[in-house]
Amino acid sequence: MKLPPLVLPGDTLSRDEIIRYSRHLLISDIGMEGQRRLKNSRVLVIGAGGLGSPVLLYLAAAGIGTIGIVDFDHVDDSNLQRQVIHNITTIGQPKVDSAKATLQRLNAFVTVNTYSEQLGPERAAALFSEYDLILDCTDNFSSRYLINDACIIVDKPYVYGAVFALEGQVSVFWENAPDGAGVNYRDLYPEPPPPELAPSCAVGGILGVICVSIGSVMVTEAIKLLIGIGDSLLGRLLIFDALEMTYRQVFIRKLPVRQSITTLVDNRTLCGKQDNAIDNIGHDPCFITPQQLCDLDKLDVILIDIREKTEWDIVRIPSAIHMPKTPELAQYLMTHFSDGRSLVLYCKDGLRSKALLAELQQLGLKQVKQLQGGVIRWIREIDPSQPIY
């Protein structure tokens, strides 16, 4: 759908700006006026990771006047396979600082604001109101619902992107778009899926270049919205399959019965995302620490690794049996491992094993525990020589 420009033209371009953006100025749909709109634009990017990296780089290269970056994380070695705005010299730095330094080296005409914080309901609406357009480059459902709801409250459009493994998707959401054409993220996903059915890139992996494929579409949509050209993805979900090298569209319609959004809430509990949730279980008898596992007589316990084979190939706990989680696994364990010995389940961080533990308890199996914090905590506390993924 074609939408009016979000931003008025700004100041006249300087000689140096004309030289820098000359290839834009030659495009009739952009020209001098369109570039002045970009110069006058304020765009907030949530997330400076896999998607945020190419998005931020190309927003700055395009001449967006003010770019805001929200991210509370620090640069880690495992980020560099896809988060191309960072590099080995910035490992350990806040991502917002690393990203800002890169953007400033790329384009001195751009103002960069940083917010080294976890986006929460108490601040989101006020922050969003300072910008013309929001770009959702997050990787979890709790953040996506918060961004969507905050944009509804302050009447801001936003560009949504998501990546996983070898796939990605992009859309534009704007609840109060002109001519009654508005849709929001809850029209696409009314409720979040169960946490165990919504694995992150940290569990399922991501081909780094997929971030560029999706990020470039997100920036294209952002530029179109800011200067008012072309047909936006409002009302359409673009789905990319890298293996088949195909793009397909799904049309998004308003739900007949819709939730009214008037306040912001913390969705982390709803979406199964709570900071250190597994590590804060305390003395729950259904959980066992890595040290307690080491102290057990190995003849009295059966250790079950329910991760995927790709994870098993990276690192495993000695003596573990590999049984990837499937819908039938709980019943299989109930049938074959109810001989009196204790079962100890583990995955990467505890989320998937917690779900399986609940299934087994419902089936009546009592001799079953979960390794607190998963294989990651076991590596940190027992064998730091092993790689963390």
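What follows is a set of questions and answers on this chain.

Q: What kind of model is this, and which values count?
A: This is a predicted model, in which local features need pLDDT of at least 70 and side-chain atom pairs count only at pLDDT 80 or more, while totals for chains, interfaces and linings use all residues. Residues are numbered from 1 along each chain as its sequence is written, and side-chain values use heavy atoms, with hydrogens and water left out.

Q: How many helices and strands are there in the chain?
A: The chain has 15 helices and 13 strands. Helices (H or I, at least four residues) and strands (E, at least two) are DSSP runs, numbered from the N terminus.

Q: What makes the chain as compact as a globular protein of that length?
A: The globule rule is 2.2 Å times the number of residues to the power 0.38, and the radius of gyration is taken over C-alpha atoms. For 389 residues the rule gives 21 Å; the chain has 24 Å, which is close to that, so it is as compact as a globular protein of that length. Along its principal axes the C-alpha trace spans about 80 × 50 × 40 Å.

Q: Which share of the contacts in the chain joins residues 24 or more positions apart?
A: A contact means heavy atoms within 4.5 Å. Of the contacts with a separation of 6 or more, 70% are between residues 24 or more positions apart.

Q: Why is S232 called buried?
A: Buried means under 20% relative accessible area, exposed means over 50%, and partly exposed is in between (1.4 Å probe, protein chains only). S232 has a relative accessible area of 4%, so it is buried. This serine is found in the loop between helix 10 (208-227) and strand 7 (236-241). Not counting residues up to four places away in sequence, S232 touches M1, L3, E221, K224 and L225. In the chain as a whole, buried residues make up 49% of the 389 residues.

Q: Why does T12 count as exposed?
A: The relative accessibility of T12 is 64%, so T12 counts as exposed. T12 lies in the segment before helix 1 (15-20). Leaving aside residues up to four places away in sequence, T12 touches E17, R36 and K39. The C-alpha atoms of T12 and P256 are separated by 46 Å, with the two residues 244 apart along the chain.

Q: What makes strand 9 and strand 11 edge strands?
A: An open sheet of five strands has the order 9-13-12-10-11, with parallel pairing. Strand 9 (287-288) and strand 11 (321-322) each pair on one side only. Strand 9 pairs with strand 13 (residues 368-371) over two bridges, and I288 stands opposite L371 in strand 13.

Q: Why is helix 15 called largely enclosed?
A: Six of the eight residues of helix 15 (residues 374-381) are buried, so it is largely enclosed by the rest of the structure. The buried residues are G374, V375, I376, R377, W378 and I379. They pack against helix 11 (290-295), strand 12 (342-346) and strand 13.

Q: What is phi of A165, and is the residue a glycine or not a glycine?
A: Most residues other than glycine have a negative phi. A165 is not a glycine, yet its phi is positive, about 55 degrees. A165 sits in the loop between strand 5 and strand 6 (167-173). At 24% relative accessibility, A165 counts as partly exposed. S319 also has a positive phi, near 80 degrees, and is a residue other than glycine. S319 is found in the loop between helix 12 (309-314) and strand 11, and at 53% relative accessibility S319 counts as exposed.

Technical notes
Pairing = 2+ DSSP bridges.
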